[in-house]
Amino acid sequence: MIKFYYSGAPNPMKVALMLEETGLPYEAIPVDTRKGDQHKPEYLAINPNGKVPSIVDGDATVFDSNAILLYLGEKTGKFMPADTPKAKGELYSWLMFVASGVGPFAGQSVHFRNYAPDKIEYAINRYAYEATRHFGILDARLAKQKYMLGDTYTIVDMAVWGWARLMPAVLGEPAWAKFPNLKRLVDEISARPAAARANAVKDKHKFKTEFDDEAKKAMFGHLSEKVA
Ligand SMILES: N[C@@H](CCC(=O)N[C@@H](CS)C(=O)NCC(=O)O)C(=O)O
């Protein structure tokens, strides 16, 4: 049985979606990042980066959401494109684009818009600009084809869904008007039974909801340590 270390945040939710889509048996193990569970030695032994998600599958340990999507796709053969150099080229490119571009820039946009103690216009604009640019690239691709890799739903669409469904927090609700094709994909995936089950996973556990000093200390290490 796969052990799935998670919280209700966007990166774990992509993996919850894939686990539900594939029907693999798994045990969801909560990591309450607002209480600092991600920094406990037993969790750092699984993911030295101290973030969620991670999975343990027999003797395989995998961390980083997009690596897990790829691992589960290869394990099951499901939601993967054709096994050809051309299709693999597209898979790796778009999956890494989501991992290194869409995710981190959307995350920083959420941070500077909603969480930073000072509203720094330069930072807010930089990350909103890059997040808008990245979502625009996805939208343009989805204007030409139904899914990120063509005619079929794959792990790349799940990776996109993880962050794009949080558009209101990343760029504000009105931003959806700029990305109609991306909205179509997000709405389609959100309506899938597996997405409803993925969203319901976190309701099985009680996560801390208060964003108090303990939560800030656990999630924003830079507030207590000056390195620059
Ligand atoms: N590149 C990692 C990023 C993981 C990540 O940033 N996870 C967030 C939740 S979406 C987290 O664990 N936050 C808690 C913290 O930063 O302490 C991935 O894709 O899995």
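Q: Which residues in α8 do Asp 157, Val 160, Trp 161 and Ala 164 in α6 meet?
A: This is a predicted model, in which local features need pLDDT of at least 70 and side-chain atom pairs count only at pLDDT 80 or more, while totals for chains, interfaces and linings use all residues. Residues are numbered from 1 along each chain as its sequence is written, and side-chain values use heavy atoms, with hydrogens and water left out. Contact means heavy atoms within 4.5 Å, and the four residues of α6 meet, in α8, Leu 182, Leu 185, Val 186, Ile 189 and Ser 190.

Q: How many residues of the contact of α6 with α8 are nonpolar?
A: Ala, Val, Leu, Ile, Met, Phe, Trp, Tyr, Cys and Pro count as nonpolar, Asp, Glu, Lys and Arg as charged, and the others, Gly among them, as polar. By that division, the contact of α6 with α8 holds 1 charged and 1 polar residue, and its nonpolar residues number 7.

Q: Is α4 roughly parallel or roughly perpendicular to α6?
A: The axis of helix α4 (residues 85–115) comes within 9 Å of that of α6, and the two cross at roughly 5°. Among the residues making the contact are Trp 94 and Gly 103 of α4 and Ile 155 and Trp 163 of α6, and the contact divides into 12 nonpolar, 2 polar and no charged residues. The crossing angle therefore makes α4, relative to α6, roughly parallel.

Q: Which strands are at the edges of the sheet?
A: Helices (H or I, at least four residues) and strands (E, at least two) are DSSP runs numbered from the N terminus, and two strands pair if DSSP finds at least two bridges between them. The open sheet has 4 strands in the order β2-β1-β3-β4 with mixed pairing, and neighbouring strands are turned by 15° against each other on average, direction ignored. Pairing on one side only marks the edge strands, β2 (26–30) and β4 (60–63).

Q: What is the bridge partner of Lys 3 in β3?
A: Strand β1 (residues 2–6) pairs with β3 (residues 54–57) over 3 bridges, in the antiparallel sense. Helix α1 (residues 10–22) lies across β1, β2 and β3, running at about 150° to β1. In β3, the residue bridged to Lys 3 is Val 56.

Q: What is the distance from a polar side-chain atom of Asp 64 to a nitrogen atom of the ligand?
A: The ligand is surrounded by 13 residues (a heavy atom within 4 Å), and the polar contacts (N or O atoms within 3.5 Å) include a backbone atom of Val 52 at 2.8 Å from a ligand nitrogen. Asp 64 lies in the loop between β4 and α3 (65–76), and its phi is near 85°, a positive value in a residue other than glycine. From its polar side-chain atom to a ligand nitrogen atom the distance is 2.7 Å.

Methods: Axes fitted to C-alpha atoms, helices over the stretch in contact; angles between N-to-C directions. Polar contact = N/O pair within 3.5 Å; in protein donor to acceptor, adjacent residues only side chain to side chain. Parallel < 35°, antiparallel > 145°, perpendicular 65-115°, else oblique.
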